[in-house]
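Please have the sequence and the model open before you.

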Amino acid sequence: MPFSQLGLSQTLNDHLVANGYATPTPIQAKAIPAILSGRDVMAAAQTGTGKTAAFSLPMIQMLAKGQKAKNNQARALVLTPTRELAAQVHDNAHRYGQPLGIRSEAVYGGVKINPQMQRLRGGVDILVATPGRLLDLHQQNAISFDDLEILVLDEADRMLDMGFIHDLKKIMALLPKKRQNLMFSATFADHIRDLARSLMHNPEQIDVTPPNSTAKNVKQWLIPADKKAKPKLLIHLIKQHNWYQVLVFSRTKHGANKLVKLLDTAGINAAAIHGNKSQAARMKALANFKDKSIQVLVATDIAARGLDISQLPIVINIDLPNVAEDYVHRIGRTGRAEQTGEALSLVSADEIEYLNDIEQLIQKHIEREYEPGFEPSHEVPFSKPIRPLKTKRPKKNKPKTGNVDNRTGTSNNDSSNQKLAPRRKPNKPNRTNNSNTKSASDQRPANKPSANKPRQGKPSGQKQRSSNTSNKALSPWDKRSSS
Ligand code: AMP
C-alpha cells in the first residue's frame, strides 16, 4: 500500500519512496489517516516500529497547508523524555518535511540555551523539546504557543517514569485549549491512561502490538554466568564472534564506566553513555558509535532511550534491568524497522527474580545456552512457569465536562489545576497487569540462591553462534545514519 493511499500528498509519497520508504509500517498505516482526520490519537507502538514517521508525516502535511510560523511561535510541539530522542525526532521531521519547506528545531538541556533562543526567533513549524528546557525557554520569552495546533507526547510512559508529570502540567497550562493531541507510548499502563484521559478528547486508540510484547524479529537468548565472570565473558563473546556495533546495557552508571575501562584494556574500543556524562560527551559517543569508530557502546536505560542506530545487530544485557519493561525497551534497539537482530542477556543466579519478572511480562521463557568455559558455579535457578497476564477490565470512560478540545471539538478546560496522573518516582517499576506483582523492594535479587532446583543438565545450547544481520534493504536515510 503506498503512502498516498493513507491520505498523504503525492509530493510526500514520492519523497518517501525516493528515500527507501516503500510501504508504511503497521503503525503508520493506522495512525496517519487517523491523525489526518484531525482526531486526537493515542497509540501503543513499540520503539522501532516507525512511530516517528507515523506522527511526523501527517503533521507535516497539515502544517504545510496553514500559515507560516510567526516569530517565537511554534505550530506543533513534540515532547520527548530524553535529549537523544529529541535530536532524533527533529532529525527525522526535518528530513521528512524538506520538500514542503517545514521548519523543525530541537531544544533540550545540557547545551547552551542562547543558540536555541536565536534559532527560535523566526518561529518554527515543529518544535521538538525536552520538558525542562522548554519551560526555561518559555520563561525567557523565547517561545510562545499562541498559534500551537498540535501537541505530541512521544514515549509518554518514559516521560512519567522519569518524573516529568509536574513539568508536563506546567506546559499544558501554557498551550491553547483548542489543539490536536497525539500520544505515543510503548506501554499503556493505568497511569498512562490516566494522563491520556486528562489531556485528550475522545482519542482514537491504536494498538499495533500487544502491550509489552517484544519484536518477533529479535532472537532472544541468555547465557547463565557468574556475576564476576560477566565482563570476561562479554569480552570473550565479542572477540569470538567479531561483533561490531554492540550496544551493551548496564544497570548502573558506575557499572557502565567500569565496563568501558575493562573493554578498553582488552583492546575493544568502547564508550559509555549515561546521565553523568555531559550532553556533548553523549552526542560524541553516539556519533562515534554510529560511524563505527567505536565498537561497543555501554549505556544505562535512561540514556539509551530513543537511540536509533540503524541495523544494530546485537544488544547485550550485561545485567538485567530491575524494571521488567526496561527489558522490552532495551531489546527494541535491535531488530528495528523489521530488520532482524539478537538480544543476549548474561544472567547470574542473583538475577532470577528479575528474569522471572521479564519472562512473565513477555509471556515466554528466554532460551538458555551455556558458553563453554563460563559455566556458572552458582547455577541460575529454574524460571517460574509463565502465568497468563490478568486482563483488567477497562475503566469506563466517563464523559468529561471540561476536556481539551481537538481541532473539531468544542468543550475545554485545560488548566494547570487539571487532574493529571500522580507523580511517579523515577525508575519505579511500572508493572502492568502482572499476576506476579510485587512491591519494588520485593524485586531485589535474593541474597541466597533460590530454593528452586537448578536445571538438571544443560540446555541443548552451547552452539557456535553467528551474528544475525539485516534481511531487509535499508533506506538511503538509514544507510546514512548507520554509516
Ligand atoms: P522509529 O520507530 O520511529 O524510531 O523508526 C525506526 C526506524 O524505522 C528508523 O530508522 C526509520 O528511519 C525507519 N522507518 C520508519 N518508517 C519506515 C518505512 N515505512 N520504511 C522503512 N523504514 C522506515
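Does Q363 count as buried, partly exposed or exposed? With 14 C-beta neighbours inside 10 Å, Q363 counts as partly exposed. The term has cut-offs: a residue is buried if 20 or more other C-beta atoms lie within 10 Å of its own, exposed if 12 or fewer, and partly exposed in between, the C-beta atoms being placed from the backbone.

Two notes on the source are needed. Residues are numbered from 1 along each chain as its sequence is written. The model is a predicted one, in which local features need pLDDT of at least 70 and side-chain atom pairs count only at pLDDT 80 or more, while totals for chains, interfaces and linings use all residues.

Let me stay with Q363 for a moment. Q363 lies in the loop between α15 (352–362) and β14 (367–368). Here helices (H or I, at least four residues) and strands (E, at least two) are DSSP runs, numbered from the N terminus. The phi of Q363 is near 60°, a positive value in a residue other than glycine. N72 also has a positive phi, of about 55°, although it is not a glycine. The place of N72 is the loop between α3 (51–65) and β2, and N72 is partly exposed, with 18 other C-beta atoms within 10 Å.

I now turn to the sheet. In an open sheet of seven strands, the order is β3-β4-β2-β5-β6-β1-β7, with parallel pairing. Two strands pair if DSSP finds at least two bridges between them. At the edges are β3 (104–107) and β7 (204–207), each of which pairs on one side only. Neighbouring strands of this sheet are turned by 15° against each other on average, direction ignored.

Within this sheet, consider strand β2 (residues 74–79). Six of its six residues are buried, so β2 is largely enclosed by the rest of the structure. β2 pairs with strand β4 (residues 124–129) in the parallel sense over five bridges, and V78 has V128 as its bridge partner in β4. With strand β5 (residues 150–153), β2 again pairs in the parallel sense, over four bridges; the partner of L77 in β5 is L151. As for β3, four bridges join it to β4, and the two run parallel. S104 stands opposite I126 in β4.

Helix α6 (residues 131–139) packs on the sheet, touching β2, β3 and β4, and its direction makes about 105° with that of β3. Axes are lines fitted to C-alpha atoms, for helices over the stretch in contact, and angles run from 0 to 180 degrees between N-to-C directions.

Next, strand β11 (residues 296–299). Both of its faces are covered: V296 and V298 on one side and L297 and A299 on the other are all buried. Strand β9 (residues 246–249) is joined to β11 by four bridges, and they run parallel. Strand β10 (residues 270–273) also pairs with β11 in the parallel sense over four bridges. L297 in β11 stands opposite L247, and L297 is also the bridge partner of A271.

Finally, I come to helix packing. Two packed helices are described by the angle between their axes and the distance between the axes. How do α14 and α15 cross, and at roughly what angle? Their axes come within 8 Å and cross at roughly 70°. α14 and α15 are therefore roughly perpendicular to each other; angles under 35 degrees count as roughly parallel, over 145 as roughly antiparallel, 65 to 115 as roughly perpendicular and the rest as oblique. The crossing of α14 past α15 is right-handed; a crossing is left-handed if the near helix is turned anticlockwise from the far one by less than a right angle, and right-handed if clockwise.

In this contact, A324, E325, Y327 and V328 in α14 meet D357, I358, L361 and I362 in α15. By class, these residues divide into six nonpolar, no polar and two charged. Ala, Val, Leu, Ile, Met, Phe, Trp, Tyr, Cys and Pro count as nonpolar, Asp, Glu, Lys and Arg as charged, and the others, Gly among them, as polar. Eight of the eight residues of helix α14 (residues 324–331) are buried, so α14 is largely enclosed by the rest of the structure.

Definitions and conventions:
Two residues are in contact if their C-beta atoms, placed from the backbone, lie within 7 Å.
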